[in-house]
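Thanks for coming. I will take a few minutes on one model and then stop for comments.

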Amino acid sequence: MLLEHWIFLATWVLGIIGFLLFIPRKDRRVGIMAFMIFQALIWLCDMPAFKFNLLSAPVRILPKATNLALTINYIFYPVLFSIYYVHRRVKGNLWSKFLYFFVWISAVTLLDMVIERYTDLLEYGFLTWYGMWGYISFLFYVSQVCCNRFFKDKSSPQAERWATE
Amino acid sequence: MRMEWWILISVFAIATSILAFIPKNKMRLAVVAFLATQVITLLIGLVVVELGLLAYPVRLFASVNRTSFTYEYYAFPVVCAAFNVWYPHNQGKTIQLGYYVGFVSILTAIEVIIEKYTDLIEYIHWEWYITWVTIGIALFVVHQFCKWFFAKE
């Protein structure tokens, strides 16, 4: 089996374990919402990004059906964002919030660069490392704004129990 | 312009106008249903195309993606959101079942017509009743998920 295939397997397994492990039970709905919002956004943004050769995914799952990096878009980043969002600084000053964001984005970009450099899972086309940094910042920021909006002035998602009754 | 592109544009327009009719106090339910549907359709849609069961000859982002972006990313999630928003919770079991059967049958009928007369979708190893069953399962799973998401613990 190729190294890449082991990584796929590891990503799916660790992604699910990571979600269960790092998202506290009481925050499970918030975690799932963050996961879904990020997935929807990255899927939408990666379509033009791949179409215009900003990046590509030479080795991927379901290669005939899509050129996009399914594992990375479907589980890898959404789970990371979900963990990021659930543990974000709600209180605290702007500086600590910014630092939290900055460290996360930089770590994720670094991880992405390692994947790009040492495996065939990703291949940067026109994209540079700072372009990737910007792209990931954009995805995290927009997803965070959407999640905040969704959970705005509701202490918990259950507050809208009547919605399905 | 080919007829297929006009249909895709109309699908986007119709789906967007359905969204406009969703009451403001049900928006969060609609969002959850919409996103949960995408989680299912993105993956299953790709698997079905990979296995060669279905093909979408005319599609958006054709060079990078061979599933129907319009249907799986937008149209079906919107329909599923509408399904949950207007679900008849207070009615009897028969009406609820009828609501399910009605939604599934209308969607299947539209797909069969589109398959027959356009190049938007092509059945290879596929039948209308597989569509009927899979849409039913998807609606059911998302509906249960929404009930869980908004339930009090």
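Before the residues, one cut-off: a residue is called buried when its relative accessible area is under 20%, exposed when it is over 50%, and partly exposed in between. Keep in mind as well that this is a predicted model.

I will start with charge pairs. D27(A) forms a salt bridge with K26(A), with the closest N and O atoms 3.2 Å apart. Is D27(A) buried or exposed? Its relative accessibility is 17%, so D27(A) counts as buried. K26(A), at 70%, counts as exposed.

Chain B has a salt bridge between the side chains of E4(B) and R2(B), at 3.4 Å from N to O. E4(B) is buried, at 6% relative accessibility, and R2(B) is partly exposed, at 44%. R2(B) also forms a salt bridge with D119(B), where the closest N and O atoms are 3.1 Å apart. That pair links distant parts of the chain, 117 residues apart: R2(B) sits in the segment before α1 of chain B, and D119(B) in the loop between α4 and β2. D119(B) is partly exposed, with a relative accessibility of 36%. Through shared partners, the salt bridges join R2(B), E4(B) and D119(B) into one network. Over all chains the count is 3 salt bridges.

How many salt bridges does the rule find across the interface of chain B and chain A? The number there is 0. As for the contact itself, 36 residues come from chain B and 35 residues from chain A. The buried area between the two chains is about 3600 Å², and carbon and sulfur atoms give 65% of it. On the chain B side, R28(B), E50(B) and F149(B) supply 21% of the area that chain B buries against chain A, more than any other three residues.

Next, the nonpolar core. The largest one has 100 residues, and those with the most contacts inside it are M33(A), M36(A), W43(A), Y77(A) and F140(A). Helix α2 of chain A, residues 28-51, gives the most to this core, with 16 residues. What does M33(A) touch, leaving aside residues up to four places away in sequence? In chain A its contacts are F150(A) and F151(A), and in chain B they are V31(B), V32(B), L35(B) and F149(B).

A patch of about 870 Å² is made by L97(B), V101(B), W128(B), Y129(B), W132(B), V133(B), I137(B), F140(B) and V141(B). Helices α4 (93-117) and α5 (128-149) of chain B each supply at least two residues of the patch, and the largest share, 7 residues, comes from α5(B). I137(B) lies in that helix, α5 of chain B, and is partly exposed, with a relative accessible area of 49%.

Last, two backbone points. N53(A) is not a glycine, yet its phi is positive, near 60°. N53(A) lies in the loop between α2 and β1 of chain A, and at 47% relative accessibility it counts as partly exposed. F61(B), also not a glycine, has a positive phi of about 50°. Where is F61(B) found? It is in the loop between β1 (54-55) and α3 (69-85) of chain B.

That is the end of the talk.

Definitions and conventions:
Residues numbered from 1 in each chain as written. Chains lettered and ligands numbered in written order. Predicted model: local features only at pLDDT ≥ 70, side-chain atom pairs only at ≥ 80, totals over all residues. Heavy atoms only, no water. Core = buried A, V, L, I, M, F, W, Y, C linked by side-chain atoms within 4.5 Å. Buried < 20%, exposed > 50% of the residue type's maximum accessible area, 1.4 Å probe, protein only. Helix = DSSP H or I, 4+ residues; strand = E, 2+ residues; numbered from the N terminus. Contact = heavy atoms within 4.5 Å. Patch = residues over 30% accessible without salt bridge, like charges linked within 9 Å, V, L, I, M, F, W, Y side chains within 5 Å. Areas by Shrake-Rupley, 256 points an atom, 1.4 Å probe, with all protein chains shown as cover. Salt bridge = Lys/Arg side-chain N within 4 Å of Asp/Glu carboxyl O. Buried area = accessible area lost by both parts, 1.4 Å probe.
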